[in-house]
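Okay, everyone, thanks for coming.

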Amino acid sequence: MSSGTFAVLGLFSDAHKIVEAAKQIRPRKLGRLEAYTPYPVQGLDRAIGLAPSRLGRLVMLMGVMGAGLALLFEGWTSAVDYPLVTGGKALFSWQAFVPVMFEVTVLFATFTAGLAMLFALNKLPFFGHPVLHSKAIKDITRDKLALSIEATSATFDSEAARQALVDNGAESVEIVPVPAWDRALSLVGFLRIVAAIVAACVVAGAGLYAAEKLMPVVPPMIHMHDQPKLNAFRKSAFFPGGRGMRPAVAGTVARGHLPPAFATPEEAGTLLSNPLPLTQSMAERGRKVFGDHCAICHGPVGDGVPLLSRAYGGKPGNFLSNEIRARPDGHLFGVLMLGKNAMPSYAADLDKDDRWAAVHYIRILQRAQNAKDEDLR
Amino acid sequence: MKAATASLPEALRPLELLQGQVTPGSLDDQVLQFPAQRPPRAWYVALAVTLTALGIGTLCICWTFYYGIGTWGNNRPVAWGFGIINFVFWVGIGHAGTLISAILFLLRARWRNAIARFAEAMTIFAVICAAIFPILHTGRPWFTTYWLFPYPNERGLWVNFRSPLIWDVFAVTTYFSVSLLFWYLGLVPDFASLRDRTAEGWRKRIYTVLCLGWRGAASHWVHYDKAYLLLAGLATGLVISVHSVVSFDFAVSLVPGWHMTIFPPYFVAGAIFAGFAMVVMALTVVRKTMNLANLITDNHLEVMNKLILAMSCIMGYAYVMEGGTAWYSANPYIQHTFKNYVSGFYGWAGITTIICNIIIPQIFWFRRMRRSIPAMIFVALAVTLGMWMERFVIIVISLHQDYLPSSWHKYIPTKIDFGILLGSFGLFFTLVLLFARVLPVIATSEMKASLSERQP
C-alpha cells in the first residue's frame with residue numbers, strides 16, 4: 001500500500017498492445033483504468049470501459065432550443081412588438097424566418113458541442129492534474145500511448161499495478177505521485193489577480209482619458225455635413241446685418257393668417273360669423289384639426305375631460321355645457337386666435353379655414369352629444 | 001496493405017499520402033518546430049509586401065471615413081459596387097476550408113487531414129476580410145450594431161427578419177464563430193504537444209493556457225471525437241447555407257439576371273471553386289518554403305485539382321443554365337441583361353469570367369497538368385481572377401441596366417475602391433503568414449491518428 005500514489009502509468013508504442021493490455025488488466029480491478037494518448041485510439045475507450053459520449057443528446061436539445069427561440073423571437077419582433085407589413089406578407093411569415101432559425105440552430109448546437117465537451121464533460125481547463133506533472137507527459141503528447149491505473153482507495157497496490165503493466169508489455173512504467181497540493185489559490189495569488197485587474201482598469205481609464213483629451217478628434221465624413229451653402233441660421237458676410245436668413249418685407253402677411261380685427265373673443269362673437277358652408281369634407285377637416293389640436297385637452301368628444309393626465313392642472317372648457325353652446329361661432333373663432341385662460345393662441349398653428357372648420361366640428365359634437373330623436377332618425 | 005491493393009486497378013488503389021518514413025515523433029519534429037524558430041529572410045520580405053498592401057488599404061479606408069462613401073465609384077443604379085463584390089468574393093474563398101474540414105471529414109477522405117488546418121485558417125481570415133466590406137458599405141460603420149443586430153433599443157424598432165440582408169448577418173456571423181470554434185478545437189491537442197516540447201518561458205505559458213491543460217485522456221477523447229463529428233455534421237449544413245443565403249441577397253430581389261432559382265447551388269459551387277484555387281495557391285508556396293512536401297504530396301494537390309476541374313464543370317453548367325433561363329423566360333429584360341454579360345460596355349468582364357473559370361481549368365483533364373506546380377498556380381490565379389470577375393459581372397452588369405432605361409448608369413470604380421481591395425488581400429496574406437509561423441500548419445493529432453500503423 002502506498003498512500004501518496006495517484007496512478008501508475010505504463011507507456012506503449014503500439015496501439016494493438018495498449019488495447020490488449022487494457023483488456024487484460026481491466027477485469028483485475030486494480031484501480032480506475034484510464035489512458036493518455038496523443039491521438040484518439042480506436043477501441044481503446046471500450047477496452048478501458050468508457051461509456052459512449054452523451055454529448056449528442058445535449059447538442060440535439062440545444063439545437064432544437066435554438067430553432068424554437070429563433071422562431072419565437074422572430075415571430076414576436078415581427079408580428080407582436082413591431083408589426084411591420086413587408087411586401088404584403090403575413091406578419092408571422094414563418095417561411096421567411098427559416099434561414100435565421102437554421103443559423104441559430106447551428107450556432108447553439110455547435111457551441112454546445114464544443115464548449116460542453118471542453119468545459120462540462122472534460123472539466124477543462126485543469127492545469128493541476130498529476131499526469132501533467134509526470135515525466136511521461138512529454139511522450140504522451142508526442143508519440144507514446146500511456147495506460148494508467150489510478151488509485152481509487154487507500155488500499156491501492158501500486159506494486160501490483162506496476163507488475164500488471166510490465167507483464168502486459170509496457171515499455172516503461174512511471175509511478176505518478178499525488179502532487180503536494182497547495183491551496184487552490186493562495187492569498188498572495190488572489191491579491192495579485194486583484195491588483196492586476198485594478199492596474200488594468202487604471203491603465204485603460206488613463207489611456208481613454210488621454211485619448212479623449214489630448215488626441216485631436218477628426219470628425220468623420222464632414223464633407224457631407226458641411227456643404228458650401230447658406231443655412232437659415234448661419235452667419236453670412238454677404239448680407240448686411242450678417243444674417244443668413246432674409247427677413248420678410250415689413251407688413252407681409254401669410255395667406256390665411258390675417259391679424260385679428262377684434263380685441264376680445266366677445267367682440268369677435270358680435271363681428272364674425274362662419275363663412276364656410278358645412279359640408280362632409282369641411283366636417284372631416286374640422287375633425288382632423290380638432291383631433292390634432294383640441295382633443296388632447298378638451299377631450300375627444302369635447303366634454304372637457306382631457307386625454308392628458310389630470311396632474312397637468314388646467315380646467316379645459318366643456319363644449320357641451322350650455323354656456324359654450326350659447327356662444328356665437330365668432331366667439332369660438334376668437335378664442336382660437338387669442339387664447340383664453342391657460343389656453344394659448346392657435347393663430348400661428350391654424351389658418352383661417354382650419355379655425356372655422358374646427359368651429360363647425362365643435363357644433364357637430366355639441367349636436368351629436370345631445371342628439372334629439374329626429375337627429376337619430 | 002500494399003500487397004493487398006497492388007492487384008487493383010490504379011483508380012481504386014488508396015492514395016499514397018506520405019512520402020518516406022513518417023512517425024508521430026517525426027511529424028511533431030517537422031511541423032511543430034516552426035513556432036520556436038526564427039523565420040527565414042524570405043518570410044520577412046513577404047510580410048513586408050503584404051503589410052504594404054494592408055497599409056495602402058488602411059489609408060484608403062481612412063480616406064473613406066474622412067471624406068465619405070462618395071470616394072467610391074458606387075452610384076444610383078449600381079449601389080452595391082466593389083463593397084458587395086469583394087464581400088461575396090471573400091466569403092466564397094472561405095468555403096473551401098469548411099468543405100475540407102467538415103464535408104470531407106464526414107466522407108472520410110483521408111487526404112484532407114494534411115491540409116485541413118491550413119484551409120480552416122484561410123476560412124477564418126477570408127471571413128474577416130469579407131466582413132470589412134459590408135460594414136464599410138453601410139457608410140457609417142460606427143452605427144453598424146444599430147443596423148445589423150436585433151437588440152432592444154429606445155426607438156422600439158427591430159430588424160426586418162423577412163429581409164435576406166438580415167439572414168446574411170446571421171449566416172456570416174454564425175459562420176465565423178463556428179469556424180473559429182472548429183479551428184480552436186482542432187488546435188487544442190496540438191497546443192498540448194507544443195506545450196510539452198517547448199522549454200520553460202513565455203511561449204510555454206501561452207501554450208499551457210491555450211491548451212486548457214489538455215492531457216490526452218481517453219475519457220476526454222471520447223467526448224472530443226463526438227464533438228468533432230457533431231461539429232462536422234453541423235458545419236456541413238452551415239457551409240451550404242452561408243453562400244445560399246448570400247445568393248438570396250440577389251435571388252430574392254427582382255433585378256433581371258438575379259431573380260433565378262439556380263443562384264444558391266451556383267453560388268455554393270462557385271465559392272468552393274474559388275476557395276480551392278486559393279488553397280492550392282497557398283499550399284504550393286507553403287509546402288515548398290516550409291519543406292512539407294512529404295506530408296502535402298503531389299497526390300494531395302492532384303486531388304484538389306480534380307475537385308477544381310469538377311467545380312469548373314458545374315460552373316459551366318450553371319452559366320449555360322443562366323443562358324437557358326434567359327432564353328426560355330421570353331423576358332426581354334432578362335435577355336437584355338444576359339446579352340450584356342458578354343457584349344456591350346462590360347462584355348470583356350463576362351468573356352474573362354468564362355475563359356478563366358470554364359476554359360482554363362480544362363487543362364486539368366491531363367494528369368501531367370494536375371501534377372505540375374506552374375500549371376496549378378496558373379489555373380489557381382486564373383480561377384481567382386475569374387471568380388472575382390464573375391461577381392463583378394453579376395453585380396455591376398445586372399444593376400447598371402435594369403428595367404428603367406432612364407436610370408441606366410455606368411459604374412467606374414475609383415482608386416480608393418481598388419486600394420481597399422488590395423488592402424483586403426494584404427490583410428489576408430498577412431494573417432496567413434503570421435499563422436504559418438505561429439501555429440501548427442498541419443493538424444498533427446489528426447495526422448497521427450491516420451498513420452496506418454497507429455491504429456489497432
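So, let's start in chain B, with helix α11, residues 298–329, and helix α12, residues 332–342: their axes come within 8 Å and cross at roughly 145°. That crossing is left-handed. On the α11(B) side the contact is made by B:E322, B:G323, B:A326 and B:S329, and α12(B) brings B:I334, B:Q335 and B:F338. If you sort those contact residues by class, you get three nonpolar, three polar and one charged. And before I go on, keep in mind that this is a predicted model.

Let's zoom out to chain B as a whole. How many helices and strands are there in chain B? The count is 17 helices and zero strands. Its radius of gyration is 23 Å, close to the 23 Å that the globule rule gives for 456 residues, so chain B is as compact as a globular protein of that length. Along its principal axes, the C-alpha trace spans about 70 × 60 × 40 Å. Of those 456 residues, 49% count as buried. As for contacts in chain B with a separation of 6 or more, 82% of them come from residues 24 or more positions apart.

B:T173 sits in helix α7 of that chain. Is B:T173 buried, exposed or partly exposed? With 16 other C-beta atoms within 10 Å, B:T173 is partly exposed, because buried would take 20 or more and exposed would take 12 or fewer.

Now over to chain A, and its sheet. Four strands form an open sheet in the order β2-β3-β1-β4, with antiparallel pairing. Which strands are at the edges? Those are β2 (32–36) and β4 (172–177) of chain A, each pairing on one side only. Neighbouring strands in this sheet are turned by 25° against each other on average, ignoring direction.

Take the pair at one end of that order: strand β1 of chain A, residues 5–12, pairs with β4(A) in the antiparallel sense over six bridges. If you want a spot to look at, A:T5 has A:P177 in β4(A) as its bridge partner. There's a helix to go with the sheet, too: α6 of chain A, residues 158–167, lies across β1, β3 (145–150) and β4 of chain A, and runs at about 10° to β1(A).

Last stop is where the chains meet. Here 57 residues of chain B are in contact with 66 residues of chain A. On the chain B side, α2 (24–31), α3 (41–67), α7 (164–197), α9 (218–251) and α17 (444–450) each supply at least two residues. Which helix gives the most? That's α9(B), with 17 residues. By class, the side of chain B that touches chain A has 30 nonpolar, 18 polar and nine charged residues.

A:L55, A:G56 and A:V59 of α3(A) make the contact with B:H223, B:K226, B:A227 and B:L230 of α9(B). By class, that contact has four nonpolar, two polar and one charged residues.

Okay, I'll stop there and take questions.

Definitions and conventions:
Residues are numbered from 1 along each chain as its sequence is written. Chains are lettered from A and ligands numbered from 1 in the order in which they are written. This is a predicted model: local features need pLDDT of at least 70, side-chain atom pairs count only at pLDDT 80 or more; totals for chains, interfaces and linings use all residues. Axes are lines fitted to C-alpha atoms, for helices over the stretch in contact, and angles run from 0 to 180 degrees between N-to-C directions. A crossing is left-handed if the near helix is turned anticlockwise from the far one by less than a right angle, and right-handed if clockwise. Two residues are in contact if their C-beta atoms, placed from the backbone, lie within 7 Å. Ala, Val, Leu, Ile, Met, Phe, Trp, Tyr, Cys and Pro count as nonpolar, Asp, Glu, Lys and Arg as charged, and the others, Gly among them, as polar. The radius of gyration is taken over C-alpha atoms; the globule rule is 2.2 Å times the number of residues to the power 0.38. Two strands pair if DSSP finds at least two bridges between them.
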